[in-house]
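Thanks for coming. I will take a few minutes to go through one structure, and you can follow along on the screen.

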Amino acid sequence: MNRKRVISVLGVLALTFGFALTPPLAAQTPPQRWLHVTVDERGEDGETVRINLPLDVVEAILPTIYVDAVRGGKLKLSQLRVQQVDIRALLEAIRNAPDNEFVTVESARETVRVAKEGGYLLVNVDKRNDEGGLEEQVDIRIPFAVVDALLSAGEDELDLVAGVRALAAHGEGALVTVNEQDSRVRIWVDSRSTIE
Amino acid sequence: MSAQGTLSAAAATALGAALLVGGLAGTTVYRYGAVKVYVEKKRPAGESVRLWVPGVLVPAAMTFVPDRHLEQIPPEARRFLPALRVASEELARCPDFRLLEVVSARERVSIAKRDGALVIDVDNNDETVHVSVPLRLLASLAEHLEEAATD
């Protein structure tokens, strides 16, 4: 009798732990997204830097930060030094514009192109040296879902937490590439915790 | 019940209590892990430091620190305590990974999450440094300091 009772209790425990450990199919979460940053400096003293950040950790930390213009997961635009540029108005104008190349600034040493293409905000900067050779090339590619999320905050602020969440939901892809003569910087998102 | 039976019951109770206490102590020590600090100088006759402290001792030791000392945490450091606590809690849930790696001709620095701990390794021409702090302990410390700062 006692033996049967012990077996019954063990059976109930096994079932309970079994259910607790088996994730239900409907509740399967999307893969964890990672933000990666690499900096590769050329030359003898060149450094290589590798940073891997889980986006859900970034999302959790941001609301706790109250430093300078970052207040509880929001970026207070009025506290930024670039007050002469209305960043929020600029992003809203770009968001509402049709797919097109809408800003191109060309000078002897620099070409800046801002465009909205295929759901992305694209910024390309090409800097040339005196001889006309390419000195620095910057490519920024931000999904518009992220821009929308950033703009979901109130006036005078950008919602960084919503932006990070949107970035994670958007999926994998390159965000920033900077190629200089002596260094290369890459920032991208994928589902791997390591940099290949 | 015979004398032998009474003795056996007492021994079984004592053994059970010892196992319970040992198990609880073991669980607590396991929960907080250990803080490890190894510093090894590379020059000839260079000194080395090897420190291994059970993490469970750190929160216990914190309770003996007078509040007036904890209240003296600079505001610049104090405002990062919530971020430290949340980061530690969140990182503890992540799989093991390398957070940062900096490699140059002179030095190699690595910060990783490994086996529930934040592990910092520095290797340069002068020394090798290894620091491992359990994330649960970091979270607990940050929480304790936050509470002390807001009291």
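This is a predicted model: local features need pLDDT of at least 70, side-chain atom pairs count only at pLDDT 80 or more; totals for chains, interfaces and linings use all residues.

Let me start with the aromatic rings. How many aromatic pairs are there over all chains? The count is one. The partners are A:W34 and B:F97, and their arrangement is edge-to-face, with 4.7 Å from centre to centre and 70° between the planes. The planes count as edge-to-face because the angle is over 60 degrees. Are the two residues buried or exposed? A:W34 has a relative accessibility of 2% and counts as buried. B:F97 comes out at 5%, and it counts as buried too.

Staying on strand β3 of chain B, that strand also holds B:E101. The side chain of B:E101 makes a polar contact of 3.0 Å with the side chain of B:R98. With a relative accessible area of 14%, B:E101 is buried, because the limit is under 20%.

Two other rings, in chain A, have a charge over them. A:F144 has the charged end of A:K116 over its ring, 5.0 Å from the ring centre. In the other case A:R186 lies over the face of A:W188, and the distance to the ring centre is 4.1 Å.

Next, the largest pocket. Its space is about 660 Å³. Which residues lie nearest its centre? They are A:L121, A:I140, A:I142, A:V146 and A:L150, out of a lining of 27 residues. Several elements of chain A give two or more residues to that lining, including the helices α2 (55–61), α3 (87–96), α4 (144–150) and α5 (160–170). The strands that do so are β6 (100–106), β8 (120–128), β9 (134–143) and β11 (173–180), again of chain A. By residue type, the lining has 26 nonpolar residues, one polar and no charged.

The search of the whole structure turned up one cavity of 30 Å³ or more. The volume of the largest cavity is about 60 Å³. Its lining includes A:Y120, A:R141, A:P143, A:L167 and A:H170, and also A:E172, A:L175 and A:V189. Elements giving two or more residues here are β9, α5 and β11 of chain A. Which of them gives the largest share? That is β11 of chain A, with three residues. The cavity lining splits into six nonpolar, three polar and two charged residues.

Last, two backbone points, both at aspartates in chain A. A:D68 is not a glycine, yet has a positive phi of about 50°. Where is A:D68 found? In the loop between β3 (66–67) and β4 (70–71) of chain A. A:D68 has a relative accessibility of 57% and counts as exposed, because the cut-off for that is over 50%.

The other residue is A:D156, with a positive phi of about 65°, and it is not a glycine either. A:D156 sits in the loop between α4 and β10 (157–159) of chain A. At a relative accessible area of 34%, A:D156 is partly exposed.

That is the end of my part.

Definitions and conventions. Residues are numbered from 1 along each chain as its sequence is written. Chains are lettered from A and ligands numbered from 1 in the order in which they are written. Side-chain values use heavy atoms; hydrogens and water are left out. Rings of Phe, Tyr and Trp (its six-membered ring) pair if their centres lie within 6.5 Å; planes under 30 degrees apart count as stacked, over 60 as edge-to-face and the rest as tilted. Buried means under 20% relative accessible area, exposed over 50%, partly exposed in between (1.4 Å probe, protein chains only). A charge sits over a ring if NZ of Lys or CZ of Arg is within 6 Å of the ring centre and within 35 degrees of the ring normal. On a 1 Å grid over the protein atoms alone, a cavity is a set of points where a 1.4 Å probe fits but cannot get out, and a pocket is an open set with protein on both sides within 12 Å along at least five of seven lines; lining residues have an atom within 4 Å of a point. Grid points are joined across faces, edges and corners, and a volume is the space filled by probe spheres set on the points. Helices (H or I, at least four residues) and strands (E, at least two) are DSSP runs, numbered from the N terminus. Ala, Val, Leu, Ile, Met, Phe, Trp, Tyr, Cys and Pro count as nonpolar, Asp, Glu, Lys and Arg as charged, and the others, Gly among them, as polar. A polar contact is a pair of N or O atoms within 3.5 Å; within protein, one must be able to donate a hydrogen and the other to accept it, and residues adjacent in sequence count only if both atoms are side-chain atoms.
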